[in-house]
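Dear colleague,

Please find the structure below, together with a short account of what was found in it.

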Amino acid sequence: MMMHPLLAAILVILLPLSAALADTLSAAEIAALQARIDAHEVARVEGDIRVLMSEMPPKVIPAIVRQTGSTAPDVRAMVENAIRQAYAQQEFKSNELDLSAAQFAETKTGLAYLLIPTETVVRFQDKTYQLKSFTLAFQENGTWYLSRVAEGPPLQTLRLAYPEFEAVTFPQGISTLIED
């Protein structure tokens, strides 16, 4: 007996996930997140600013506006320019998010989120580095958003925009030189 193609596709998505994650998210939520991740992985390597900007949680730009006193269009242009500069200085060779190893958690306010192990290979100043880190994924109004959770300004801005993450301790990433 042949399995319906839609059921087979859902099983391919669900089977590798941890039991806790599969019990927590619906098949539709997992499929939407996987689609977001797939687009992110390609956009990160290709430097697709439109896709990368669409992944930014919606409260981040207004938080930067409040912090700087700039306008939203100016902040958006500033962020896009920062992304362009980053891509001018380094080449993203690969970017992989492992949804099957994601850790599900909730903030004290009940906001559900995932920490997704992420491995990125970057060429910077004639050296190649492997970065092992985590990508934060959470939903707002039914849309999945992704954010790196490295220490420093990006994490501070995320916490300014989403105070519910202030009490969350995020794992540190590791950078390793893999080619000189």
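In what follows, buried means under 20% relative accessible area and exposed over 50%, with partly exposed in between (1.4 Å probe, protein chains only). The model is predicted, with local features needing pLDDT of at least 70 and side-chain atom pairs counting only at pLDDT 80 or more, while totals for chains, interfaces and linings use all residues. Residues are numbered from 1 along each chain as its sequence is written, and side-chain values use heavy atoms, without hydrogens and water.

Helices (H or I, at least four residues) and strands (E, at least two) are DSSP runs, numbered from the N terminus. Helix α6 covers residues 72-89. Its buried residues are Val 75, Val 79, Ile 83 and Tyr 87. Seen down the axis of α6, these fall within an arc of 115° (taken from the directions from the helix axis to the C-beta atoms), so they line one face of the helix. The face turned away from that buried side carries the exposed residues Pro 73, Ala 88 and Gln 89.

A nonpolar core is a set of buried Ala, Val, Leu, Ile, Met, Phe, Trp, Tyr and Cys residues joined through side-chain atoms within 4.5 Å. The largest such core has 30 residues, and Val 79, Leu 136, Phe 165 and Phe 170 have the most contacts inside it. Elements giving two or more residues to this core include α6, β3 (112-124) and β4 (127-140). Apart from it lies another core, of twelve residues, among them Ile 30 and Trp 144.

Yours sincerely

Methods:
The expected span of a helix is 1.5 Å times one less than its number of residues.
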